[in-house]
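Have a look at the chain first.

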Amino acid sequence: MRVVVNQLPALGLKTGIGHYTVQLLRCLREQAGHDRIEGFPQGWVRRAREFCAQARPYLEGTKSEPTALGTELPRTSRLRSKLLGSLRQFGRSLMAQHFRLVCALRGYDLYHEPNFIPFPCEQPTLATVHDLSVVLHPEWHPVDRAAYFQRHFHRGLARCIHFLAISEFGRQEMIRDLGIPPERITRTYMGIRPGLGPLPVAEISRILRDLDLPPRYLLYLGTIEPRKNLLVLLQAYCALPERLRREWPLLLVGSWGWNTVTVADYLHREARHRGVIHRGYVAERHLAAIYNGARALVYPSLYEGFGLPPLEMMACGGAVLASTAGALVETVGSRAHLTDPGDTDGWRQAMIRVIEDGDWWHSLRTGVMAVARPYTWDRCAADTLRVYRSICGGAEVQPEGGEPANIRQYRQAG
């Protein structure tokens, strides 16, 4: 069996889909045995694409804080958006042609697209659909991305013979909203990155000092974008008593995404003066210390297809305050404290309690590592490889194997 996986999402700064692609490919190759798992693109094409991916935040203006975006002349903003959209469309067209040529020359048995919309090709095609936020809530996404999905998403689905969903929530959403038969969707849970776990106090302190971070804080980790609901979090945090904000700053770790002018404006006008610290993208080697150093992870997302940071926080033994949105109830709901994403006062009260009530804080940490433990990339790869072999062998894809105890409870609850 010879399978090609599109590794374009893994190039440049990585978000959730990039990490999924990197870790899945790593574990697939370790488990493949005599089967061949190859990434596309390779060689100079990969290097050129990686350079473009690294340059993209500078071209889009998202590398720095987006205060200037709010003051940019509307005509200039539209022209830049149109130009970048044209360049992306041209790049996609070239890459699609190159991919089809590579597939024809190498004769792959299966093509796996890990990022929603597959390239056209003659090979049987499998796609991972991480969530339906672009389809159901296009207002949360850049205009060009929403337009691209509108033009190509359903055509891409029609080219696939099977799909992977990264949560049961996502699988049921695809069945309900896309009308895909259940037997054509296999759930393959994502995993927790290697190296995340409890650390000695001395090591945590040393790394936080090296990064010039405070010794204690509340943490948000993730891209700053509309569906992450950061404005509600900032407003709730700024409403905390001044003494708590002075002793427990709110640390935001993550790059600026899109449509962030409102959040950036509030951060500059109010939140920065009330204990909020934004540090942008942080190297993966420091993430374990950042998770370990936090009193709690605060994650108020409006929608999640999976939600890696809450599970990663639990893998480090930490307390999680999460929203009731999407797959979060499924993955961390058994041990996290859950709050409606729109309940600003509920988030304020939860943050006060996790700071002041030591017994409650300890209870939120009890058993969290057991919740996180089953979510491994080895398991994700094994489940994915089983789908590959079923498709290439002409057999019906078998249902998922065993599942974590908290997921059984979620499924039984309906």
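Asp-131, Glu-225, Arg-227, Lys-228 and Glu-304 are linked in a network of salt bridges (a side-chain nitrogen of Lys or Arg within 4 Å of a carboxyl oxygen of Asp or Glu). A search of the whole structure turns up 24 salt bridges. This is a predicted model, where local features need pLDDT of at least 70 and side-chain atom pairs count only at pLDDT 80 or more, while totals for chains, interfaces and linings use all residues. Numbering runs from 1 along each chain as its sequence is written, and side-chain values use heavy atoms, leaving out hydrogens and water.

Here are some pairs within helices (DSSP runs of H or I, at least four residues, numbered from the N terminus):

| Pair | N to O distance | Helix |
|---|---|---|
| Arg-171 and Glu-168 | 3.3 Å | α7 (residues 168-178) |
| Arg-348 and Asp-345 | 2.8 Å | α15 (residues 344-356) |
| Asp-383 and Arg-386 | 3.2 Å | α18 (residues 377-392) |

How do they sit relative to solvent? Arg-171 and Glu-168 are both buried (under 20% relative accessible area; exposed is over 50%, partly exposed in between, with a 1.4 Å probe and protein chains only). Asp-383 is buried too, at 14%, whereas Arg-386 is partly exposed at 26%. Arg-348 is partly exposed at 23%, and so is Asp-345 at 35%.

Now the strands (DSSP runs of E, at least two residues). β8 (residues 250-253) points Leu-250 and Leu-252 one way and Leu-251 and Val-253 the other, all buried. It runs parallel to β7 (residues 217-221), joined by 4 bridges, with Leu-218 partnering Leu-250.

Notes: Two strands pair if DSSP finds at least two bridges between them.
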